Structures are given as C-alpha cells and as structure tokens.
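Subject: Structure for your review

Dear colleague,

Please find the structure below, followed by an account of what was found in it. I would be grateful if you would read the two side by side.

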Amino acid sequence: MLGGTPGPDDPQEIELKLDQESKKNPEMNKPLRESDLLPDDDGPLYAAGKKIYPQSVSGSFRRIKWILMVVCLGIYYFLPFVRWNRGLGAPDQAVLIDLANNRFYFFFIELWPQEIYYFTGLLIVAAITLFLMNSLGGRVWCGYLCPQTVWTDLFFAVERLIEGDRRERIRKAEEGWSLQRGAELVLKHSIWLMIAWWTGGAWVLYFADAPTLIKELVTFQAPMVAYIWIGILTFTTYTLAGFMREQVCVYMCPWPRIQAALTDEWALNVTYKYDRGETRMSLKKAAQARALGEQVGDCVDCNQCVAVCPTGIDIRNGPQLDCIQCGLCIDACDNVMTKIGRPTRLIGYDNDINIHRRMEGKPEVFKPLRARTVVYSGLIASIGAIMLYTLLNRSLLDLNVLHDRNPVAVRLSDGSIRNGYTVRFLNKRGFDRVVAVDVVGPPNAVIHVVGTDSITPDRPMIILARDTTTELRVLVDSNSNQELAKSTPVTFHVTDIGLGEVATAKDVFVTP
C-alpha cells in the first residue's frame, strides 16, 4: 500500500509479527527436524482382540455345515479302526502310516518310500482343486471343510449347549463370576479338553495298529513319542479351536491373501446385494418412507448377519479378507426376510457383475465354465489319470544297481575282466518268490551272486522274502578274445519264475 499504513497482508507487517512471536517463544527459532514432520502416533501396532459371540442360526447352509462336520470328524476319529485284509502277516488296518517298515497303506494301495512321487502328485492335485474351488465359490474350503472351521464349529456347539446362545453368553460375561458361572466354565473346558485329547489320540492311531496302541496307551506301555504327540495336538486343538478361533483365519492363515490374488470377477462369493438392500432402514421407517414414495431397500438393518458371523464382520461392507464364506449370514438374512414377507437371498453367493447387471435391468449371468476353471479341471483330470495309470500298472518287483567305485574293474589270472555291483532287489508282494538273475552286455558274461549257491551257475536263482528289500553283491566276469571297449552298457534282468514279472536296471561294464 503506497504512502499509507501497512495492511494485514503486507510483508513488512508479517515479518514484524513473526519477530515479536519468536522473542516471546524461543522454541520457534530451533531448526525443524524430520521427526517433527511425522505424525504423533503412539497407538498400538495391532488392533486389540475383540470377543465374538456368534449366535446360533438355522437354515440350508447351517445344515450343510452340520453334515460336513459330522462326516469329516467321523472319518478322522473312526477311520483308524476300519480293517482291510491284505493277507497273512500284513497289517489289516485300512489306513496306516507304518514308519517302522517304511510303508503307507490305504485300503488296497501300498506305497513304498521309492514311490514318494505319488504323494507329490496328490499334493499338486489338492492345490489345484483348492484353486478350482476358489474360482467357483470363493473360500468354500475355509467355510465348510477347513480343520480349523470344523473343530471351531464343534467347540462353539459345546459352548452354546452349556452357556446358552449369544445373549446369554454376553450377559454372563458382563455379570462376572458366580458359582454357577464357574461350574459352567469348568464343564465347558473339560469337554473341550476331552475333544482335544481325542483329536491328538486319533492322530497317533494312524501310525500304529489302533486297537493295540490304545491298549498300550491305557496301560502306559506305549512309546514316549506317542504321548508327546498326543500332548502337542491336544494343546494346539484346545488353543486354536477354543481361544484363537477367528484369529487363526484372520491373522495366521495365508490362504485369504492367496485367495484374494487368485480370484476373478466371476467367482461367486457371499455378497450383500446392495442393489436390492439399499437404502436400509428399520421396518417401521421403511413403511413410512414407502408411504411417502421414497426409495427403500429390503435391508431392515437388524444386524442378524453380523450376530451370526463367526469372524464378527458386517458383510454389508463388501468383500473382506476376514470373511470365510460360510454362508451363515445368508441363513440369518433369509430367516428375517421370510418373517417380514420379503424375498430371500438378500445376501447370497453372487458377484458385482450381476449386481450391476440388475441395476441396469439386465438378466443375471453365471459363468462356471471359463478359461481358468477349464484349465484347473483339465489339470486335475490329467494328473489324476496319470497317477491312476501308473498305480495300476506299476511293477511290484524292482531292481537297483550300483557299480563298485574302487576298483571299478579287475583283470583275473585267466585274462577275464571282472566288475562288481551292489544290487538291491525289491519284492513288494506279500509272499516270498524265486527270481532268476541274468545279465546282457559284455560278451561271454558270467554272473555270480555272492553268498548264494545256485544250481544254475550261468543263471543264478535267489529267494526274495516278501515285502522286503534284499541287497546282494553281484560279480560279472567277461572272458572274450575280442577287444572290449572302455565302457560297455550292461543290463540286469530279474525274472520271477512263477509269475513271469521282469525288472531291469542298466549300468556299465568297464575295462581296466
């Protein structure tokens, strides 16, 4: 301002005021540090745990979960007691992991350590099946079949049976301790511990004959490792299903993050259909709004979907990693819609594509057959077919050959050349059998099995005990007037005299 007094925005006036403030407050003259620019956040790194009291609910999805829980727990607890006749001397437990003898039995299937590739194929099929389930129905594995979900459901059922439903449990928790409250907690945790103990006990029954091991456990004659594993699994089941519950799904399990990366826009997930539910309001206000001609949704804001959720989320807030897609909120919402006379499935398995199509007046579209589902199904079928073919056509007679290292070859006094081998014979059948050993490769080859006396020296015969691995030393001599190559391919043949089964293995015959 020329020739007048300085205005409020005059630079000289501003500088004068800042100088006066700095004299009054010396802190203003200190240099600015990087920490002064950061927000002052002294809060916790993680959200505090919130006690969740899921309410019981009835409906189609709850019945499915009950059925699957009974089936899964029934298989787990009682499968070790199922018998399967494999012949004299063989274990008769249908499913057995025989670590002492390095065998895995599954009904008519018997796998050896050399056949570990079957387990690899099985894990690959399981992983791709999980991807396929995710592409079709989101986290249906988490909601219905995951062990954490199954055992947590069982623990919830015990809790409701003893302490009552959601409102009773909340009220008792707020009232504090009493004699009745203490008795209920003791009974609840006692049953939880019994379930957890039997869970650990059932696990060890898969590694030994179940009736025999139970007798040894009761008489305290079982191996210490059995008691240790029962204790570990009892503790983990009791802790994870009884206390951590939804925290395992939200924080510990990596599958929600993987699932979020693998899903696509066509996958069906538990979805709140906001095109039909909004604007939400109470039943009374909705009636008044309709009378005035206002837009009203079907959602009456009853919060039943939140009350029944085992992870305590509000599905109306959209897709969330905490949602395990169990469908209980669908049942709760359907029950409310039925009572107030409105169409069900305000919450259901759906996707955003169909929501937007309905808002545009278009029909719903579902695409269970699309590129990824076809690829996943094809991979499962292909790998499964390969595994089944190799399993049905595998040889129960096997042979492994290892050439001597030092010396690799020697020249005998008669001029012949000798090579030594360590040969391992695998008889996977449940009976002894006689096999003949032949060798093809070096000219005029003569084979000798150390430690055996065969009536046919040119073709030694040996007895292989049932279901065992037999390791023998085999010497191969070649007496030829021809000049032998430095290394000649040699093939060992083992032939079952009775069944005609043949196993072969290749190596080399070396000239010194």
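A salt bridge is defined here as a side-chain nitrogen of Lys or Arg within 4 Å of a carboxyl oxygen of Asp or Glu. The model is a predicted one, in which local features need pLDDT of at least 70 and side-chain atom pairs count only at pLDDT 80 or more, while totals for chains, interfaces and linings use all residues. Residues are numbered from 1 along each chain as its sequence is written, and side-chain values use heavy atoms, with hydrogens and water left out.

**Salt bridges**

Side chains of opposite charge can pair when their charged atoms come close. In total, 34 salt bridges are present in the structure. One of them joins Glu159 to Arg245, with the closest N and O atoms 3.2 Å apart. Glu159 belongs to helix H6 and Arg245 to the loop between H10 and helix H11 (246-252), so this pair ties together parts that are 86 residues apart in sequence. (Helices, H or I with at least four residues, and strands, E with at least two, are DSSP runs numbered from the N terminus.) Glu159 is buried at 4% relative accessibility, and Arg245 is buried with a relative accessible area of 4%. Here buried means under 20% relative accessible area, exposed over 50%, and partly exposed in between (1.4 Å probe, protein chains only).

Glu159 also meets Arg169 in a salt bridge of 3.6 Å, N to O. Arg169 is in helix H7 (residues 166-175), 10 residues apart from Glu159.

Another salt bridge, at 2.7 Å from N to O, pairs Arg473 with Asp404. Arg473 sits in strand S12 (residues 468-478), and Asp404 in the loop between strand S6 (397-403) and strand S7 (410-411), so parts 69 residues apart in sequence are tied together. Arg473 is partly exposed at 38%, whereas Asp404 is buried at 15% relative accessible area. Salt bridges that share partners also join Glu159, Glu163, Arg169, Arg181, Lys188 and Arg245 into one network.

**Cysteines**

How many disulfides does a search of the whole structure find? It finds zero, a disulfide being a pair of cysteine sulfur atoms within 2.5 Å. For Cys253, the nearest cysteine sulfur is that of Cys142, 5.6 Å away. For Cys326, the nearest is that of Cys309, at 6.1 Å. Cys253 is partly exposed at 24% relative accessibility, while Cys326 is buried at 7%.

Yours sincerely
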